[in-house]
Amino acid sequence: MPSKAKSTSAIGGKKSRRWHRAVRHLVTRAGFGFTPEELAPYTEISYGDAVARLTSPSTVDNSALEKMLVEQSFDFTNPDDIKRWWLFRMVFTARPLEEKMTLFWHGHFATADYRVRSPYAMYVQNCTMRKLAFGRFDDLLLAMSKDPAMIIWLDNQQNRKKKPNENYAREVMELFTMGIGNYSEQDVKEGARAFTGWQTKPSGYFFNSGQHDDGVKTFLGRSGNFNGDDIVTILANQKATGRYLAHKLLRFFALENPPEFFVDDIAAVYHKSDHNIGAMLKAIFSSPAFASEQCYHSLVKSPCEYVIGTLKTFQIFKVDAEVPRLMAAMGQNLFNPPSVKGWDGGQSWIASDTMMERFNFAARIISQKFDYLEKYSSPAQIAAEQGLTTVDETVDYFLSLLVDGDAPTSARARLIEYLSTDMDGKKLDHLPDGKVLDARLRGLIHLIMTLPTYQLN
Amino acid sequence: MAKNQNTSSISRRDFLAGLVALGLLGRYQLDGMAANASAQVDAAVAAGRSILVIQLNGGNDGINTIIPYSNGAYYDARPKIAIKQTDVLKIDDHVGFHPALSEFAQFYNDRQLAVIQGVGYPEPNRSHFRSIEIWQTAQPDIIGDTGWLGRYLDYLSISAAAANPNMLAVNVDPLLPKSLLARKIVVPSVSDVQAFRFKVDPLYKADRALQLQAFGDIYNDFDDRRPIVDKLRKSGLEANRASEKLLDLVKGHKTTVKYPDGKLGSSLKFVAQMVSGGIGAKVYTLGYDGFDTHAGELRTQTSLLSGLGKSLRAFQEDLKQNNCDDKMLVLIFSEFGRRVAENGGGGTDHGTAAPCLVLGSGVKGGLYGEYPSLTSLDHGDLNHTIDFRTVYATIVDRWLGADSREVLGKTFENLDFC
């Protein structure tokens, strides 16, 4: 565990520029971007208290969100509604890390509605993940092993005494706990036997004792009349599981290729804390490595982060059905991960067409009118509110707002050149006004949102 | 750090390419092969041949694709999901196609389809993700960081004829498969060509040219030492370059063929548009999902195979109308086959060897290799009879006219299918 003194020195003294940047980095990584109002409470407390607030969501009042959700009267049997419901939570929650962790678990215990074919079961699974997101891993793993959507997704419904189905037993070891290379094909077969009879009915999980194999199984070197509960306990106790979860959490929250020592530290926290996920998160966010230069702006934003973060930055509180569709085009279709491995994340978000989708989302969000959508935002109004009067000031303000100033001088110079031309491409020696200013500001923001660094968190 | 990595991992090919440029090779004739490699690649590129690699995601059940219908062990192992003898579309006295593959049976009769039996690799891995990685990197013994197609593209990029190295391949899927990871080349992924265009505020359409110019300038000069920033920079530039080119091509395409609805049909149509439009790419890739049939296999596989056959029939006709069917070879594979015995849910669990299918007017159709034994098994799974790299080597050497040693690291025998 890193000492407190050490982490403070990496972040800098309270209220220094460095400290402010560290807090922005923390809130960005632990959530989906922020509005000024959302950031404010974290800048009034110490960095340690900010970490504590984020990692103990149950201590933060979220009744405003719950009230808003009730007013929306979502239909949880509708595949589009469950997506909008979740996006609403991401945009309006007072507990950003709670939603971020739910997304983490959705990618970890990746289940897809294209096979489950029950939005309601997907919704129930999502609620279970949220409820157990910060607790003891064993509880979440057991809940997922009994989760109706999961049982359908990985065919455990067909896992019967006389003819076991190996699908769940394999993935629970390969993807949910230890990772590949830590078990044998025989363990897969024996594990499948232990999960026989774990089925689902319309009313939920049920144990079909007639289909359960209660013979002796030999699993990871131990023998006994194991049930799925025993398998869950054995798996959660494996050294490999601690490392696997530590590595995955670090990839999601800190660094795409986390150094060995960082993985070791966080895996140690897993075992010391009796498998407590909240404790692992606290350790990650408090570590000097998290606050380091290598970590800052090093992760490619997921489509969720890209889209929700943009909505928050421009305070566009409009979550229509178009938003999840656009995220899907960028490669992240909520409730429909591409496979049981979830989204690979990191650099795999980058491809030509997904980049183009990002560029076009930026154009759409900052257009006065786009297709049939209403006006989304008014950059000229932002500029007036901020009292921006010169070309340089304007470019610097938006570079700071959108990429935290992370752009080379050549890019800044070229943006200044763009902003000080009229619609015919003729050079101006001042900030344009009227309709030209409106067009230029929208173009400027679009261009900044296409910068490589805007794709980074 | 990144620089050191590049330096230490420089390939023999790169090294020799450097020598050619310096005019040194005359004195260092290392093995003769390198001296004419560039000319050889030029010739292959000029021949205009390309390949399309279709990955059946999830592990297609090979035993119910090419069916050993005269073998009693097949019916013993699969009481629920065996295909009835009378329904099998027979190839010979031993094996035949799944009834949903009537188009493939026709391709076979027209001698355009090679069925390569029992393809796999030693010590098979039954994880979807590791096995996909092995097929895509063609490196079963290490976790490779380049793909077999990527290494072929790197090899090609030494050629003068490959003038536009960034359109040497197109991935028609949202995610780039590991097979296309290369050292020198960024392969564009385009799954929906109509959406693949840099848009601006429709109220200020005239601004598009100015924005694109600014975008290009900013991206070209975006000097940053972080590798991730550079990767984003290259992908963004490539996106805009590929977009302009592809949209032009698609507009010029003419066909009377109706493709089946759905993603596979539209993806294949897009490939046909690129091929007939003369984009000059050597490699196209796409994935076809849904083959992980642990339960309810009969229905799922029937519908998937039927879609595959109908879509490829349309694709072949489209290419023929545009006089480029003899320039295209289609390779169809899956990360593994499935267990010989069915499981309790009318499905099958992860297995090992399975057939590869190779389709094209220029392919020498027929049955290749030996069907693996259904009784002499390894933990209930088939023992492979042909290494998958043999299939790759044949395609690289014979169809693409390149040198498979550069792609696969060693020599594999060639089959006779092209």
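Colleague: Which residue of S4(B) does Lys90(B) stand opposite?

Modeller: This is a predicted model, in which local features need pLDDT of at least 70 and side-chain atom pairs count only at pLDDT 80 or more, while totals for chains, interfaces and linings use all residues. Residues are numbered from 1 along each chain as its sequence is written, and chains are lettered from A and ligands numbered from 1 in the order in which they are written. Strands are DSSP runs of E with at least two residues, helices are runs of H or I with at least four, and both are numbered from the N terminus. S3(B) and S4(B) run antiparallel and are joined by 2 bridges, and the residue opposite Lys90(B) is Gly96(B).

Colleague: How many residues of strand S8 of chain B are buried?

Modeller: A residue is buried if 20 or more other C-beta atoms, placed from the backbone, lie within 10 Å of its own, exposed if 12 or fewer do, and partly exposed in between. One side of S8(B) holds Met328(B), Val330(B), Ile332(B) and Ser334(B), the other holds Leu329(B), Leu331(B) and Phe333(B), and all of them are buried. The strand, residues 328-334, is therefore largely enclosed by the rest of the structure, its buried count being 7 of the 7.

Colleague: What is the bridge partner of Val53(B) in S8(B)?

Modeller: S8(B) is joined to S9(B) by 3 antiparallel bridges, with Val330(B) standing opposite Leu359(B). With strand S1 (residues 50-56) of chain B, S8(B) pairs in the parallel sense over 7 bridges. In that pairing, the partner of Val53(B) is Leu331(B).

Colleague: Why are the buried residues of H5(B) on the same side of the helix, and what arc do they cover?

Modeller: In this helix, residues 102-109 of chain B, the buried residues are Glu103(B), Phe104(B), Phe107(B) and Tyr108(B). They lie on the same side because the arc that they cover around the axis, taken from the directions from the helix axis to the C-beta atoms, is only 145°.

Colleague: Which elements of chain B do the buried residues of H5(B) pack against?

Modeller: Packing is judged here by contact, which requires the C-beta atoms of two residues, placed from the backbone, to lie within 7 Å. The elements are strand S4 (96-97), strand S5 (113-120), helix H11 (297-321) and strand S9 (354-359).

Colleague: Which helix gives the most to the side of chain B that touches chain A?

Modeller: Between the two chains, 52 residues of chain B are in contact with 50 residues of chain A. Helices H6 (128-137), H8 (207-220) and H9 (227-252) of chain B each supply at least two residues of that side. The one that gives the most, with 11 residues, is H9(B).

Key. Pairing = 2+ DSSP bridges.
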